[in-house]
Amino acid sequence: MIVRGTLMFSGDKSISHRALMLAALCNGESCISNLSTGTDVQSTRKCLEACGIKIREDGHDVIVKGGTFSDPSKPLNCGNSGTTTRLLLGLLAGQGINAKFVGDDSLSSRPMNRILDPLSQMGLKSESNAGKLPITIYKSDLSGIQYKSPVASAQVKSAVIFAGLGASGTTFVTEPTLSRNHTEKMLAGLGADISVNELTTTISKLISPLSPFELSVPGDPSTAAFFAAAAALVPNSEIILNRVLANPTRTGFFAALEKMGAGMECLKQWNEGGETVGNLKIFQKPLNAISIEEVNIPKLVDEIPILAILATQANGKTEISGAGELRVKECDRIRAICENLQNMGSGITEKKDGFIIEGPEQLKGAFIKTKNDHRIAMAFTIAGFISDGPMILDNPECVDISFPEFFTYVQKFEKQ
Ligand code: S3P
């Protein structure tokens, strides 16, 4: 097999969620194109519709008629999506909505006090299942606070910012390390009273609704990462990834790949709607090990499963530390990476907050326990490109969460 071709990806998942939510706050019709095709973003859409926001398709575009939110008559089903749950908790709290949030088994086991704590300090009345879903929020008057988040999480930061849009006074949120900043950038672009000073974001209550916007969402770098890795791993490969989001809070994986020695060329870079976007060429070259520490984790937090696969083929000792957040993602990703790589014959060592891999190692095909986690499924499918023997995934369909087209893209290479 050779990985060759030019690829484009459906819209970035983080920006897609935010585009729908912000459009819902606008006074009139916004037009979003290249929205993420994943089921997570569908969950956000359905929850907004259940709160009275009208959303329809117009060809390939999605039209959102924003305005006033209403109490949903049924629980909001957030499916598998942490971003839907956490950002909507903040947004709906700020809009004075009564709502119950539910989700699938994975989502129902994920920590939500990281959101409920700041929101309750702002005055939100809520009930939860010991800090997890189901959660019910009650219409409450919110006031601005100064919140220092203990975790570097864009979901926490964004929930507080969204709540701040409906809170009296000014809200400040400080994070320990910079996480993805799309919420801040998009709100600033829409003219909200928001400012960022190093790790602190300041937001004031919205005094009038935002004006509708048009946005074409740039390609998702977290999806592109799997194909970049495939090209970096398979001899004689070369791939071009077009119109990929290149926001510096999201490019940690590509920086790591370059540092490992992969062939990489930025063909073009430009600005679109406040975000940097680029075309990138990736080709196979021998890889070296890399060390990644806590301060760099937020920039590649979703790419660590595929980074682990790359590390198995790199010369030397790769060590990932300070990535304890991976234990509370769609599954315990540190455990899932270690368990599956060990089954493939890797000598990976599990740590509390990461892992160590000594490469290069010959991997063998195995039965992969995806834990219904899309990024585990995609990373181990790519591992199959360089393993001795086939990979069998227990639930390949879980890729639909972020990239339903994944296996169609993979099949193109299998034929080459
Ligand atoms: C996201 C933030 C990250 C990331 C998730 C999407 C977002 O989560 O892992 O896939 O869109 O804000 P945390 O903020 O919890 O790290």
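A polar contact is a pair of N or O atoms within 3.5 Å. The model examined here is predicted. A polar side-chain atom of R18 lies 2.6 Å from an oxygen atom of the ligand, and the distance is therefore within the 3.5 Å limit for such a contact. The table lists this pair together with two further ones.

| Residue | Protein atom | Ligand atom | Distance |
|---|---|---|---|
| R18 | polar side-chain atom | oxygen | 2.6 Å |
| S14 | polar side-chain atom | oxygen | 2.7 Å |
| Q155 | backbone N or O atom | oxygen | 3.0 Å |

On its own, the ligand has 380 Å² of accessible area, of which the protein covers 96%. The ligand sits in the largest pocket.

Aromatic pairs form the second topic. The count of aromatic pairs comes to 11. For F9 and Y409, the ring centres are 5.9 Å apart and the planes stand at 35°, so the pair is classed as tilted. F9 belongs to the loop between strand 1 (4–8) and helix 1, whereas Y409 belongs to helix 12 (residues 406–414); the pair therefore ties together parts that are 400 residues apart in sequence.

Definitions and conventions: Residues are numbered from 1 along each chain as its sequence is written. This is a predicted model: local features need pLDDT of at least 70, side-chain atom pairs count only at pLDDT 80 or more; totals for chains, interfaces and linings use all residues. Side-chain values use heavy atoms; hydrogens and water are left out. A polar contact is a pair of N or O atoms within 3.5 Å; within protein, one must be able to donate a hydrogen and the other to accept it, and residues adjacent in sequence count only if both atoms are side-chain atoms. Accessible areas come from the Shrake-Rupley method with a 1.4 Å probe; for residues, only the protein chains shown count as cover. On a 1 Å grid over the protein atoms alone, a cavity is a set of points where a 1.4 Å probe fits but cannot get out, and a pocket is an open set with protein on both sides within 12 Å along at least five of seven lines; lining residues have an atom within 4 Å of a point. A molecule sits in a cavity or pocket if more than half of its atoms lie within 2 Å of its grid points. Rings of Phe, Tyr and Trp (its six-membered ring) pair if their centres lie within 6.5 Å; planes under 30 degrees apart count as stacked, over 60 as edge-to-face and the rest as tilted. Helices (H or I, at least four residues) and strands (E, at least two) are DSSP runs, numbered from the N terminus.
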